[in-house]
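Take a moment with the sequence and the structure. Then follow this walk through them, one stop at a time.

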Amino acid sequence: MNKISIIAVCLGALVFSACSDIKRTPGKAYMPDMQFSRAVETYSDPRELQAEGINYNARPVAGTISRSADVIYQHLADTTGRYITSSSLRNPLPYLDTLQTVEAERLYLINCGICHGTKLDGNGPLYKGGDGPYAAKPATLVGDPLYEAMSEGTMFYSITYGRNLMGSYATHLTPKQRWEVVHYIKAKQREAKGEATPATAPADATAPATDSTATAAK
Amino acid sequence: MIAYRSIVKKIILSVLLLTVVCFDKQVLAQDGKALFQQNCASCHAVGKDLTGPKLAGIEERVPDKKLLYAWIRNNQAVLATGNKYFTDLYNQWNKTAMNLFPNLTDEEIAAMITYVNTEAAKATAKPAPGDTSAATQAQQSDNSLLFGILTLILAIIVLVLMQVNSNLKRLSDEKDGIPSYEPVPFYRNKAYIALFAVILFIVGGYYTIQGAIGLGRSKDYQPEQPIYYSHKVHAGTNQINCLYCHGGAQEGKHANIPSLNTCMNCHMAINEYAGEKLYREDGTEVNGTEEIQKLYSYTGWDPDQKKYVNEPKPIEWVKIHNLPDHVYFNHAQHVNAGKVACQTCHGEVQEMGEVYQFTDLSMGWCVNCHRETKVQFTDNKFYSIYEKFHNDLKNGSMDSVTVESIGGTECQKCHY
């Protein structure tokens with residue numbers, strides 16, 4: 001009888017150990033010195049460096065800017081509110097061709113579409129006509145005169161620094177991508193109003209003031 | 001003739017007037033909801049402070065209807081008159097200027113306020129959502145224990161029956177006069193020992209090999225994270241694109257864990273969870289609103305004051321997918337050039353409450369995929385230099401190009 005009880009206990013232990021199928025630990029590594037990097041990798045813990053006496057600060061050196069980010073620093077003080085001084089800024093990129101439009105649309109759908117809607121009607125899946133979790137109505141980019149009159153520069157600054165409840169998208173989109181998205185929104189607004197996209201590039205301030213983006217900027 | 005003309009004129013005019021009046025009525029009845037969403041909802045909600053204060057109970061706070069209407073149309077003019085309530089309100093909300101709405105008619109404003117009042121009444125009348133689905137969740141996980149106990153009982157019965165059988169045999173042998181040997185206990189019975197050794201060898205060998213193969217692999221690894229972040233809610237229900245948070249996947253080697261400002265893009269406004277109930281893997285219920293509060297404690301955001309008041313600290317998420325140091329893997333190559341969907345390697349993350357490792361990330365798995373996957377060769381700039389393959393595809397001597405045929409199984413692609 002004694003042996004039977006030993007067998008029973010063993011079997012019971014096996015059953016119990018096989019019970020939970022949630023794996024909360026990663027398991028054992030074969031040759032951990034080849035598995036885990038000794039060099040500092042992207043998600044290395046900076047405290048380990050500090051413990052070894054290495055000074056590490058994740059912030060960029062004060063005063064340095066990214067090579068592509070120069071345009072943001074034209075109106076350095078204009079980082080909150082309505083971005084009035086930046087409204088004079090013009091989109092430095094030429095109008096988008098078909099391929100670039102596809103790319104700009106992709107960027108818009110990833111980053112903006114969840115709130116502002118795939119049709120730019122301010123009714124994305126997060127708002128869902130007031131039924132979604134997002135309580136504030138996102139801006140109606142096409143169909144609201146307020147946003148159709150908004151200048152490209154103000155749009156760019158709104159994307160860069162955020163506006164009202166919208167956060168900054170500086171970490172999501174490079175300045176070039178932000179200008180592309182601004183181009184895309186403006187093109188959609190023109191399309192809805194039945195205007196054609198001007199053929200010439202609006203590249204600099206000497207461009208004729210008759211094109212539609214210039215009038216929108218005022 | 002002239003008399004006719006005047007009658008016709010009158011009729012036309014009255015018809016016009018009627019349509020205008022009707023249309024106006026329609027505007028009035030045409031839900032205040034639409035007007036509210038068009039004009040107010042980007043800054044105000046009924047029961048929640050957003051960019052501006054919540055609007056529930058607005059008529060109690062501003063009983064003077066004329067003043068309220070004047071404020072809604074042109075708040076700057078009201079501020080200029082030095083009204084105390086509105087000046088205080090303006091200062092309290094960090095002097096955020098409200099937009100001007102000079103074109104709203106009295107009826108439109110009334111319709112919107114009626115909408116606000118009905119919504120506010122609805123919100124107070126709504127009872128707390130009952131919990132019904134909790135019981136069903138708990139029942140499912142206990143089956144394996146039940147089966148284990150059943151197996152155990154059956155095993156004991158088999159052993160007892162075997163004992164009884166041998167005893168009965170001995171008794172019948174004694175009766176028949178066949179001399180019975182002293183019974184050999186089963187642990188000294190050679191047949192039993194041999195059988196046991198073979199079984200031990202097979203089972204032990206199986207587990208040893210499986211364990212050895214599993215070293216360094218962590219399929220199904222599902223750690224508990226510092227915040228219960230549900231991909232099911234974010235990427236599933238709310239349809240947020242993977243690349244919204246993990247934009248690094250198209251830029252470089254790492255897909256990146258989003259920084260806290262990405263969370264706050266939405267969670268500045270979304271401070272409570274009201275969707276369907278959430279459960280951890282062990283069946284305990286998750287309070288979504290509390291988890292959002294945890295995010296606020298990390299970012300230092302004060303939802304009452306609507307600004308960052310405390311020093312932020314990073315969330316130490318537990319990394320799930322780890323490749324050994326001697327393997328090079330680049331997300332951008334797979335996402336941009338390869339056009340591989342995230343779900344191919346990570347599973348249906350948009351269905352996961354807690355994320356687990358979907359594949360074992362073994363070398364066999366990598367190589368197998370490289371052998372089988374057909375490269376999207378046409379309309380893909382990245383592969384435009386493979387002239388021979390393009391020609392072969394064109395004249396039909398090759399029907400598809402796999403990753404292997406462009407060097408995807410060379411050692412040096414991943415190990416260097």
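A residue is called buried when its relative accessible area is under 20%, exposed when it is over 50%, and partly exposed in between. Keep those cut-offs in mind. The model is predicted.

Begin with chain B as a whole. Chain B has 416 residues, and buried ones make up 28% of them. It holds 19 helices and four strands. Now consider its contacts between residues at least 6 apart in sequence. Of these, 63% join residues at least 24 apart.

Chain B is also divided into domains. Domain 1 covers 10-123 and domain 2 covers 147-214. Domain 3 is made of two stretches, 223-330 and 340-356, and domain 4 covers 362-416. How far apart do the C-alpha centres of domain 2 and domain 3 of chain B lie? The distance is 53 Å.

Next come the salt bridges. Side chains of opposite charge can pair when their charged atoms come close. Over all chains, the structure holds 13 salt bridges. Look at Glu291(B). Its side chain meets that of Arg280(B) in a salt bridge, with 3.9 Å from N to O. Glu291(B) lies in helix α14 (residues 288-299) of chain B, while Arg280(B) sits in the loop between β1 and β2 (285-286), so the pair ties together parts that are 11 residues apart in sequence. Is Glu291(B) buried or exposed? Its relative accessibility is 7%, so Glu291(B) counts as buried.

Lys277(B) and Glu285(B) form another salt bridge, at 3.0 Å from N to O. Lys277(B) has 30% relative accessibility, so it counts as partly exposed. Glu285(B), at 39%, counts as partly exposed too.

A further salt bridge joins Asp392(B) and Lys388(B), again with 3.0 Å from N to O. Both residues belong to helix α18 (residues 387-394) of chain B. They are separated by about one helical turn because they are four residues apart in that helix. Asp392(B) is buried at 16% relative accessibility. Lys388(B) is exposed at 58%. Salt bridges can also share partners. In that way Arg280(B), Glu291(B) and Lys294(B) are joined into one network.

Stay in chain B and find Asn271(B). It is placed in the loop between α13 (260-267) and β1 (278-279). With a relative accessible area of 18%, Asn271(B) is buried. Which residues does Asn271(B) contact, leaving aside its neighbours within four places in sequence? They are Lys48(B), Thr289(B), Ile292(B), Gln293(B) and Tyr296(B).

Pro223(B) and Tyr356(B) are 133 residues apart in sequence, yet their C-alpha atoms are 7.6 Å apart in space. Pro223(B) has a relative accessible area of 3%, so it is buried. Beyond residues up to four places away in sequence, Pro223(B) touches Val318(B), Ile320(B), Glu354(B) and Val355(B) in chain B, and Lys23(A) and Arg24(A) in chain A.

Val203(B) lies in helix α10 of chain B. At 40% relative accessibility, Val203(B) counts as partly exposed. Val203(B) is one of the residues that make a nonpolar surface patch of about 900 Å².

The last stop is in chain A. His172(A) lies in the loop between α7 (152-161) and α8 (175-193). At 16% relative accessibility, His172(A) counts as buried. Its side chain makes a polar contact with the side chain of Thr171(A), at 3.2 Å. A polar atom of the His172(A) side chain also lies 3.2 Å from the backbone oxygen of Tyr244(B). Leaving aside its neighbours within four places in sequence, His172(A) is in contact with Asn111(A) and Gln177(A), and with Tyr244(B), Thr262(B) and Asn265(B) of chain B.

Key
Residues are numbered from 1 along each chain as its sequence is written. Chains are lettered from A and ligands numbered from 1 in the order in which they are written. This is a predicted model: local features need pLDDT of at least 70, side-chain atom pairs count only at pLDDT 80 or more; totals for chains, interfaces and linings use all residues. Side-chain values use heavy atoms; hydrogens and water are left out. Domain bounds come from an automatic or database domain assignment. Helices (H or I, at least four residues) and strands (E, at least two) are DSSP runs, numbered from the N terminus. Buried means under 20% relative accessible area, exposed over 50%, partly exposed in between (1.4 Å probe, protein chains only). A polar contact is a pair of N or O atoms within 3.5 Å; within protein, one must be able to donate a hydrogen and the other to accept it, and residues adjacent in sequence count only if both atoms are side-chain atoms. Contact means heavy atoms within 4.5 Å. Patches are made of residues with over 30% relative accessible area and no salt bridge: like charges are joined within 9 Å, nonpolar side chains (Val, Leu, Ile, Met, Phe, Trp, Tyr) within 5 Å. Accessible areas come from the Shrake-Rupley method with a 1.4 Å probe; for residues, only the protein chains shown count as cover. A salt bridge is a side-chain nitrogen of Lys or Arg within 4 Å of a carboxyl oxygen of Asp or Glu.
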